[in-house]
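Here's a quick briefing to read alongside the model. Have the sequence and the 3D view open as you go.

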Amino acid sequence: MKLQPESKKELLRIAGGTAFCTAIMWVLFAALHLVGWVKFNYTVVLGSLVGAAVAIGNFAGICFVVQKIIDEPDEKRRKATLQLSYNSRMLLQALWVVVAVAAPCFQPFASVLPLFFPRVTIYYLQITGKYKPLTPKAEPVDVSVEDDPGPADAQQSAPDEKGGET
């Protein structure tokens, strides 16, 4: 299945944002390594690269599934497909977290942190106004003004009463 141009554009933006955040994380790890707080070695780089790939793959999975079910006429099937996709993607991410923490070839924090980078990218795009969720088109509202409006309801019910005095 081929991604539609709009989905491909969003996926590339998420991939670019995740790559940028990963690079910033490497710079922070290198700076903290210079002062002796953390180690910056191959475990950080390897873990963050795999973590970023899992995060981008998760977003790609969303794109593919949504594109696939958009033409599905049966609402029950659509919901079931979305739920299966969501559960599978969350299971894959949980599996990655377990492997990242357990395997000595990955630095745990640097391996898990990239899973949050797509969300950080989306927040950045929303704050800067580069991403706006689709809003349903509103029906046109008639804002015309009448030349001679009728009397208000209170005036019609008791036109001889004066207000303000008790």
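**Ring contacts and a helix crossing**

Phe-106 counts as buried, with a relative accessibility of 13%. Keep in mind that this is a predicted model. The points below start with the ring that Phe-106 pairs with, then move on to a charge over a ring and a pair of packed helices.

**The aromatic pair**
- The count here is 1 aromatic pair.
- Its partners are Trp-96 and Phe-106, with ring centres 4.9 Å apart and planes at 75 degrees, so the pair is edge-to-face; the cut-off for that label is over 60 degrees.
- Trp-96 belongs to helix 3 (residues 75–102), while Phe-106 is in the loop between helix 3 and helix 4 (108–112), so the pair ties together parts that are 10 residues apart in sequence.
- Trp-96 is buried too, at 7% relative accessibility; buried means under 20%.

**A charge over a ring**
- Look at Arg-119 next: its charged end sits over the ring of Tyr-123, 5.5 Å from the ring centre.

**Helix 1 against helix 5**
- Helix 1 (residues 5–34) packs with helix 5 (residues 117–127) at an angle of about 110 degrees, and their axes are 8 Å apart.
- That angle makes the two helices, helix 1 and helix 5, roughly perpendicular.
- The contact takes in Arg-13, Ile-14, Gly-17, Thr-18, Cys-21, Thr-22 and Met-25 from helix 1.
- From helix 5, the contact uses Phe-117, Pro-118, Val-120, Thr-121, Ile-122 and Leu-125.
- As for handedness, helix 1 and helix 5 make a right-handed crossing.

Terms used. Residues numbered from 1 in each chain as written. Predicted model: local features only at pLDDT ≥ 70, side-chain atom pairs only at ≥ 80, totals over all residues. Heavy atoms only, no water. Phe/Tyr/Trp six-rings, centres within 6.5 Å; stacked < 30°, edge-to-face > 60°. Helix = DSSP H or I, 4+ residues; strand = E, 2+ residues; numbered from the N terminus. Buried < 20%, exposed > 50% of the residue type's maximum accessible area, 1.4 Å probe, protein only. Lys NZ or Arg CZ within 6 Å of the ring centre and 35° of its normal. Axes fitted to C-alpha atoms, helices over the stretch in contact; angles between N-to-C directions. Parallel < 35°, antiparallel > 145°, perpendicular 65-115°, else oblique. Left-handed = near helix turned anticlockwise from the far one by under 90°. Contact = heavy atoms within 4.5 Å.
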